[in-house]
Amino acid sequence: MSDMLSLKEAVLVYLDRSGGLQKLVEDCKPLNETHQIEAVYRFCISVNPSDVIEVDPVLGDRVLCDPLGATALFQSVCFLAIKTLSLVEKIHTESQVNVILKLTHLPPFPEYTLDLCSFPRGHGPMRPVSMEGLAIAMTRVTKYTQGARFLCINDECPCSTGFHHIRVHAPGATESATVRNDFSCMTCSSPLKEDVKFRVLGDKQLVELIHIKALDALSAHQQSSLRYQSVTLFLRDELCNSMRIGRLYRVLGIPAYVQQCSGITWSVEANSIQPWEPEYPHEVSASFQQLLKATAGFRWRFSAVVAHCFGVDVAPPGLYNTLKLSLLLSLVQNRADAKDAFHNLDLLAVTADTLILDRLMTYSLSLARHGIRHQASGEMFASLSRDEHGVGTANIHAGSALLATGGICMLGDLGCYKKERLDAIQSVLESCTVSVFIPGKKYGEDADQQLSFPVHCSFWALTDSTDAARRSGRADCAILGTAEMGPVPVQLADAFGLVIQCRDVGGEQALLAQTFHTLQQAVQPGKHLYPSCWEFSSQDYQELVAHAQSVQVELSPGAEKIIHGYYMASRRVRTQSVKMSVASVKLMISLAEAHCKLCLRTQVLEEDAVIAVLLCENSVTLKHGASALIIPPDAAFPGDLGDVEGLQRRDETLDVLHQNILRFIYTYAPGAGAYITEE
């Protein structure tokens with residue numbers, strides 16, 4: 001008894017020091033504003049285990065190792081405080097006080113960490129644990145019983161009135177453990193009957209959490225022989241809707257065994273949830289730092305060399321440079337800002353060699369934090385199943401696009417998709433949302449429902465330009481604006497935003513270079529085949545991309561004026577062929593910011609805007625034909641970069657294109673001279 005009193009005193013001291021008593025007083029005020037009497041009243045108390053241990057080590061051990069026992073101690077102290085201070089007159093018994101302890105954190109020890117890859121999961125005490133993982137499925141929010149009042153059917157028993165028998169939900173308990181009809185009175189052993197009008201309901205949601213490495217089976221990473229299994233989280237009341245499909249979270253929860261009709265399942269009652277992101281290396285390698293110093297003073301060269309040497313495991317340097325640069329820009333631009341707005345860069349490549357481009361995209365996908373390669377036979381957006389842990393409500397499973405949240409979803413060759421799927425892809429690209437229809441009759445609801453989920457990923461796709469030519473019986477034209485885009489309609493190409501035409505500039509020479517490269521890689525894998533080219537490893541590129549993503553940039557006045565001036569001029573020039581939308585401005589700003597990040601700068605300069613304009617103009621020209629701004633097909637890489645002279649020629653060409661863009665703006669955007677500096 002003395003030990004119990006000592007623990008309750010420690011609880012009181014902690015509540016007083018941490019402000020818990022003051023919060024209890026504030027939480028009780030709304031309860032006095034209503035005349036409705038309920039069976040239980042719920043109070044959430046924030047508990048810092050470190051502070052509790054400083055007050056009383058025994059109490060701290062109880063919080064960490066026996067959460068149910070610790071909850072009973074806090075419940076008793078809170079009830080005494082409510083009665084002593086006369087906070088709520090409607091509370092008559094201790095059982096009416098439903099205390100929920102919200103842990104702020106757990107000690108960073110293995111005993112309190114649950115690796116979702118480890119087995120057996122049920123081994124050891126059911127203490128609070130911390131776990132990290134990816135939300136891959138969730139149900140709609142349903143109701144559960146927080147607490148219920150039971151009365152003895154014997155009128156002569158004192159328990160036939162009052163609040164003597166109160167059933168409250170406990171972690172891991174099912175609905176039948178809280179409410180059923182075979183309870184007996186503790187005083188006279190007569191049957192108990194629920195007083196239904198005092199039942200208190202709460203919100204419940206189920207979420208499936210899985211280890212982040214499970215995505216390796218859907219990405220370009222080397223697959224493991226391990227099999228990953230998700231764990232079911234029970235989210236209740238204020239935690240409902242705090243998780244989103246495809247996001248990473250750190251969850252503090254209490255493992256529990258749940259009795260099902262078919263056996264016993266293992267699940268976790270969530271206690272607190274926080275967004276989580278694993279740590280990635282952000283240091284730029286020594287090789288790229290050396291390149292940065294060597295190219296200092298040349299505003300176009302760093303990104304040119306980075307793109308030129310990219311993907312040498314797949315394609316030789318100099319081949320598909322524009323696509324390589326675009327892939328790097330898309331990787332860099334995948335981020336969410338402080339307002340949780342996602343910045344993406346969708347990409348469609350038009351080529352006659354889908355095999356090499358598919359390999360190049362797959363290689364690039366391995367550099368993304370979250371990269372999903374969609375299989376044509378799999379689910380792209382979302383699917384439904386019946387929940388097995390409750391009343392059979394709809395369980396929404398993430399498809400490839402939702403699993404790739406914050407990263408890249410590679411669609412592959414669009415020629416493998418039917419028209420209905422292409423229409424769905426176009427709808428998602430335009431709205432950035434996925435709609436899921438839930439038939440109410442099938443999943444135990446009164447009415448049908450339509451739910452929408454935001455899509456926060458970039459889409460990569462490719463299409464065979466020779467496919468339509470073969471069907472039409474004519475050869476593909478290499479002139480921009482007349483090239484076929486395979487089975488992709490113009491509306492879908494417009495939805496992608498950035499379209500890159502990968503042309504074989506060298507003809508047979510490029511084909512021989514690619515063949516030689518592939519054979520050398522097969523015979524001597526890992527050997528550096530190009531001594532005159534800078535050598536960067538995949539790890540170097542991964543670190544560069546991770547660092548560039550974290551760079552915060554801002555638009556300079558010069559870059560902003562070029563982007564908006566080009567937009568105004570293009571709207572006037574292209575009034576007949578195509579209308580330039582506001583999405584074009586967003587695309588160019590995104591491209592300019594990504595190029596600035598790739599160059600490891602914090603301010604978007606005019607040279608970044610020039611690259612963005614060239615890529616955007618090439619994309620629009622490919623889809624809708626040329627305009628008054630005449631630029632070469634591969635404007636960003638007009639020649640070979642195999643030596644210093646090639647880099648110098650590119651710099652000179654881009655300087656000329658820069659001046660051409662300014663003249664285009666002056667000519668077709670009246671008033672441009674008022675906001676663009678004369679050069």
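**Exercise 1. Name elements that cover the buried residues of α8, then say how enclosed α8 is.**

The cover over the buried residues of α8 includes α7, α9, α16 (538-550), α18 and α20 (644-668). Cover is judged by contact, meaning heavy atoms within 4.5 Å. Helices here are DSSP runs of H or I with at least four residues, and strands are runs of E with at least two, numbered from the N terminus. This is a predicted model: local features need pLDDT of at least 70, side-chain atom pairs count only at pLDDT 80 or more, and totals for chains, interfaces and linings use all residues. Residues are numbered from 1 along each chain as its sequence is written, and side-chain values use heavy atoms, with hydrogens and water left out.

Step 1. List the buried residues: R301, F302, S303, A304, V305, V306, A307 and H308. Buried means under 20% relative accessible area (1.4 Å probe, protein chains only); exposed is over 50%, and partly exposed lies in between.

Step 2. Eight of the eight residues of α8 are buried, so α8 is largely enclosed by the rest of the structure.

**Exercise 2. Describe how α7 packs on α8.**

Step 1. Two packed helices are described by the angle between their axes and the distance between the axes.

Step 2. α7 (residues 286-294) meets α8 (residues 301-308) at about 140 degrees, and their axes are 9 Å apart. Axes are lines fitted to C-alpha atoms, for helices over the stretch in contact; angles run from 0 to 180 degrees between N-to-C directions.

Step 3. That angle makes α7 oblique to α8. The classes are roughly parallel (under 35 degrees), roughly antiparallel (over 145), roughly perpendicular (65 to 115) and oblique (the rest).

Step 4. Find the contact residues. α7 supplies F288, L291 and L292, while α8 supplies F302, V305 and V306.

Step 5. Sort them by class: six nonpolar, no polar and no charged residues. Nonpolar covers Ala, Val, Leu, Ile, Met, Phe, Trp, Tyr, Cys and Pro; charged covers Asp, Glu, Lys and Arg; the others, Gly among them, are polar.

**Exercise 3. Is A394 buried or exposed?**

Step 1. Locate A394: strand β16 (residues 394-398).

Step 2. A394 has 0% relative accessibility, so A394 counts as buried.

Step 3. The C-alpha atoms of A394 and Y443 are separated by 5.7 Å, although these residues are 49 apart along the chain.
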